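Thanks for coming. I will walk through one protein model and talk about a few of its side chains. Please have a look at it first.

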Amino acid sequence: TQVDEETPLLHSQYVKETPLPWFQLSIVLVLQLAEPLTSQVIYPFAPRDLGINEGQVGYYVGLMQSLFYLTQAMTCRPKPVILTGLFGLSLSMYCFGLSRTFWGLVLSRSLNGALNGNIGVIKSMMAEMTDTTNIAQVYAYMPIAWSTGGTLGPIIGGSLSRPAERFPHLFGNNEFLKKYPYFLPCAVPATFSALAWVVVFVFLKETVASPVPLSQILRLQKEKTDLTSPNATNPRELSAPSVPLKQTSTAIAEKPLPLRLLLTPRVIIAAGNYAFLSLVDIAYRAIQPLFLSTPIELGGLGLPPPTIGNLLSIFGILNGIFQVFFFAGIHDRWGSKKVFIAGIASAIPVFILFPIISHLAQSRGLSTTVWTLVILQIVISIPLSLSYGAIFIFISAASPNRASLGATNGLSQMSVSIMRAIGPAAANSMFSLSIVKNYLGGYLVYYILVVVVGASILVASRLPRL
């Protein structure tokens, strides 16, 4: 049976599901916690506590956030890679907590991204653990770890920053925490990553029986093929859209394709849409805490770190519940393409709500109406996360064969990391520029982002029709 993005996630009852390797799958799911914890723990306090002029905070916060994804894009994408990534996450977060200058924070954040290529490897390992009968289960469980990390990260960052001031009865006499007020929230995800390193080293098994050297995957020249072998296959057939994901041929199933044959139209379209989705999403995630922390007179809400952390965690909770219980049913009813486009389109009202909330806050203060719209914005942003589940299915289906899943995911993840490197710096810089220059009343950044969403929808129209 051919597997593509049109295959329903909910299978008929007569289809016998392949049992999942739950122990190994659980380890991989726990590993996913590390990245959202380390990336989002800094969001509640980073915009407010850099010691920089309020109107220029966006430039510096955007640079710091972008460097994580830029350096991540430069990493190779699996167990040795995961161990290296966890080591990098742990070390860089301890360094971040001990940094006392902006450039120290930048260096720590760059180290974080440079040593962390885990997300692409984790996606590949999860794809390699599944087949057509149980992929729905895995795509339902995948958001749990990310949403949990997205919930706990902001709470940890907002609650544990400046502990000597917030909890004087516990830490008031601790000179170390007075000198390094952000070490405690950074130490929590750093220690988690260190413990995860031990678990991976001891228990995680490789999902690839015979790893192929990176040089063999990247080479562009044709590989010698024994045409007399019964398993020999025409390379043109491998790149054809009609090739199913699961192959019976040993040669196809066990041998990843070189980059030249991997860059099929389906892979390029799927990876491109994943990149645009990530650009829209990371721009929103970068601007949201900056908007929440910016003083009301400058166009934000002027909220303290604990409140920002709580608001960001609300999204993590709601998103996790919605993804786990509703994604498979929504996808089976509407299909990957409609779910993906609808998710991206939901970013339009999300961005439009920023200037509305700002205007109401300036005229009425933090009224009930303002808080209602803030919560509404968080709820409306949930469908944006549904697009990730849909695009993961497109990417898995676009892989020319099962052995090339890792390379396909790695290629897609590299394009995403590049977009995520551009997104925070561009969005937050435009946020500050709009305020400083008062372009369109300080709201120019939101209108530009709406245009970006429109362009993303146009690119999404190139996805295969359901």
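I will start with Cysteine 95, which is partly exposed at a relative accessible area of 31%. Cysteine 186, by contrast, has a relative accessible area of 0%, so it is buried. How many disulfides does a search of the whole structure find? The search comes back with 0. Please keep in mind that this is a predicted model, and every value I quote is computed from it.

Now the overall picture. The protein chain has 23 helices and 0 strands. Of its 466 residues, 54% are buried. The accessible surface of the chain is about 20000 Å², and carbon and sulfur atoms account for 66% of that surface.

Next, the aromatic rings. There are 16 aromatic pairs in the structure. One of them joins phenylalanine 167 and phenylalanine 171. Their ring centres are 6.5 Å apart and the planes stand at 75°, an edge-to-face arrangement. Is phenylalanine 167 buried or partly exposed? Its relative accessibility is 24%, and the cut-off for buried is under 20%, so phenylalanine 167 counts as partly exposed. Phenylalanine 171, at 22%, is also above that cut-off, so it too counts as partly exposed.

A second pair is made by phenylalanine 176 and phenylalanine 183.

Arginine 100 lies over the face of tyrosine 180, at 5.9 Å from the ring centre. The charged end of arginine 285 is placed over the ring of phenylalanine 315, with 4.1 Å to the centre of that ring.

Where is serine 336 found? The answer is helix α18, which covers residues 336-345. Serine 336 has a relative accessibility of 0%, so it counts as buried. Its side chain makes a polar contact of 2.5 Å with the side chain of histidine 331. Serine 336 and glycine 389 are separated by 53 residues in sequence, yet their C-alpha atoms are 8.4 Å apart in space.

Threonine 408 belongs to helix α22, residues 405-437. At 1% relative accessibility, threonine 408 is counted as buried. Which residues is threonine 408 in contact with, leaving aside its neighbours within four places in sequence? They are Leu262, Val267, Ile395, Ser399 and Pro400. With serine 399 there is also a polar contact between the side chains, at 3.4 Å.

Terms used:
Residues numbered from 1 in each chain as written. Predicted model: local features only at pLDDT ≥ 70, side-chain atom pairs only at ≥ 80, totals over all residues. Heavy atoms only, no water. Disulfide = S-S within 2.5 Å. Buried < 20%, exposed > 50% of the residue type's maximum accessible area, 1.4 Å probe, protein only. Phe/Tyr/Trp six-rings, centres within 6.5 Å; stacked < 30°, edge-to-face > 60°. Lys NZ or Arg CZ within 6 Å of the ring centre and 35° of its normal. Helix = DSSP H or I, 4+ residues; strand = E, 2+ residues; numbered from the N terminus. Polar contact = N/O pair within 3.5 Å; in protein donor to acceptor, adjacent residues only side chain to side chain. Contact = heavy atoms within 4.5 Å. Areas by Shrake-Rupley, 256 points an atom, 1.4 Å probe, with all protein chains shown as cover.
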